[in-house]
Amino acid sequence: MLTLAAGMIASLGLLANSSAVVIGAMLIAPWMLPLRATAYAILQGRLRLVATALLTLLLGVVVTVLLSLLLGFGVGLPILGSEVAARTQPNVLDLGVALVAGAISTYASVRSKALSSLAGTAIAVALVPPVCAFGLLLSKAQWGDALGAALLFAANLLGILSGGLLTLAISQPEL
């Protein structure tokens, strides 16, 4: 349910070219949990849990792409705004932000006093908006920009996972 809500809010925010609405979608997006579960499972050598967590994430991504694709077709805007364009050209700084945000998110999950940083982490690295931008761009047959949005999602995903793995390895050496 949260995946659908986050995808709908992010897609509509991208279509309305509203950064505030897109940020709202980042706050409710549930995808950090399966990524943290993946990091835990990798360090524990629990391959079945890795597969389950990644399958959960994949299902959320597919649902979100389809939702944004349908919204893109349904709304039929001739031109997508700057909020979508901002998610089409990832760079190494995006990966750096994702690494740090993944580390902080994971740290907050293992240190109860750090829970207040979770909302900031959700805003710092967005997973849902690049996926929504991908679906919207596909609806406009803008293949090159769609690939850029997919690359931003992949960089954020790998950065969050890598940051989480590193944080767990350092803070929980018994895993």
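Helices here are DSSP runs of H or I with at least four residues, numbered from the N terminus. The model is predicted. Val 110 is found in one such run, helix α6.

Helix α6 spans residues 92-110. The C-alpha atoms of Val 110 and Val 92 lie 18 residues apart along the chain and are separated by 28 Å. Beyond its neighbours within four places in sequence, Val 110 is in contact with Tyr 40, Leu 168, Ser 171 and Gln 172. Tyr 40 is placed in helix α3. With a relative accessible area of 24%, Tyr 40 is partly exposed. Tyr 40 and Gly 60 are 20 residues apart along the chain, and their C-alpha atoms are separated by 20 Å.

Helix packing is considered next. Two packed helices are described by the angle between their axes and the distance between the axes. Helix α6 packs with helix α9, which covers residues 143-171. The angle is about 45 degrees, and the axes are 6 Å apart. The two helices are therefore oblique to each other. The crossing of α6 and α9 is right-handed. On the α6 side, the contact is made by Asp 94, Leu 95, Ala 98, Leu 99, Gly 102, Ala 103, Thr 106, Tyr 107 and Val 110. On the α9 side, the residues are Leu 152, Ala 155, Asn 156, Gly 159, Ile 160, Ser 162, Gly 163, Gly 164, Thr 167, Leu 168 and Ser 171. The residues of this contact divide into 10 nonpolar, nine polar and one charged.

Helices α4 and α8 form another pair. Their axes come within 7 Å and cross at roughly 45 degrees. That makes α4 oblique to α8. Helix α4 passes α8 in a right-handed crossing. From α4, the contact takes in Val 61, Thr 64, Val 65, Ser 68, Leu 69, Gly 72 and Phe 73. These meet Val 128, Val 131, Cys 132, Phe 134, Gly 135, Leu 136, Leu 138 and Ser 139 in α8. By class, the contact of α4 with α8 has 10 nonpolar, five polar and no charged residues.

Helix α4 also packs with α1. The axes of α1 and α4 come within 9 Å and cross at roughly 35 degrees. Helix α1 passes α4 in a right-handed crossing. Helix α1 brings Thr 3, Leu 4, Gly 7, Met 8, Ser 11, Leu 12 and Leu 15 to the contact. Helix α4 brings Gly 60, Val 63, Thr 64, Leu 67, Ser 68, Leu 71 and Val 75. The contact of α1 with α4 divides into eight nonpolar, six polar and no charged residues.

Ile 9 also lies in helix α1. At 31% relative accessibility, Ile 9 counts as partly exposed. Ile 9 touches Val 21, Gly 24, Ala 25 and Ile 28, with residues up to four places away in sequence not counted. Ile 9 and Gly 24 are 15 residues apart in sequence, yet 7.5 Å apart in space, C-alpha to C-alpha.

In soluble globular proteins, nonpolar side chains tend to be buried together. The largest nonpolar core in this model has 34 residues. Those with the most contacts inside it are Leu 14, Trp 31, Leu 35, Val 61, Val 84, Leu 127 and Phe 153. At least two core residues come from each of α1 (2-15), α2 (19-28), α3 (32-44), α4 (47-75), α8 (128-139) and α9. Helix α9 gives the most, with seven residues. Phe 153 touches Trp 31, Val 61, Leu 127, Pro 130 and Val 131, leaving out residues up to four places away in sequence.

Backbone geometry stands out at two loop residues. Most residues other than glycine have a negative phi. Asn 17 has a positive phi, near 60 degrees. Asn 17 is found in the loop between α1 and α2. Its relative accessible area is 35%, so Asn 17 is partly exposed. Ala 141 has a positive phi of about 55 degrees, although it is not a glycine. Ala 141 lies in the loop between α8 and α9. At 41% relative accessibility, Ala 141 counts as partly exposed.

Note on methods: Residues numbered from 1 in each chain as written. Predicted model: local features only at pLDDT ≥ 70, side-chain atom pairs only at ≥ 80, totals over all residues. Heavy atoms only, no water. Axes fitted to C-alpha atoms, helices over the stretch in contact; angles between N-to-C directions. Parallel < 35°, antiparallel > 145°, perpendicular 65-115°, else oblique. Left-handed = near helix turned anticlockwise from the far one by under 90°. Contact = heavy atoms within 4.5 Å. Nonpolar A, V, L, I, M, F, W, Y, C, P; charged D, E, K, R; others polar. Core = buried A, V, L, I, M, F, W, Y, C linked by side-chain atoms within 4.5 Å. Buried < 20%, exposed > 50% of the residue type's maximum accessible area, 1.4 Å probe, protein only.
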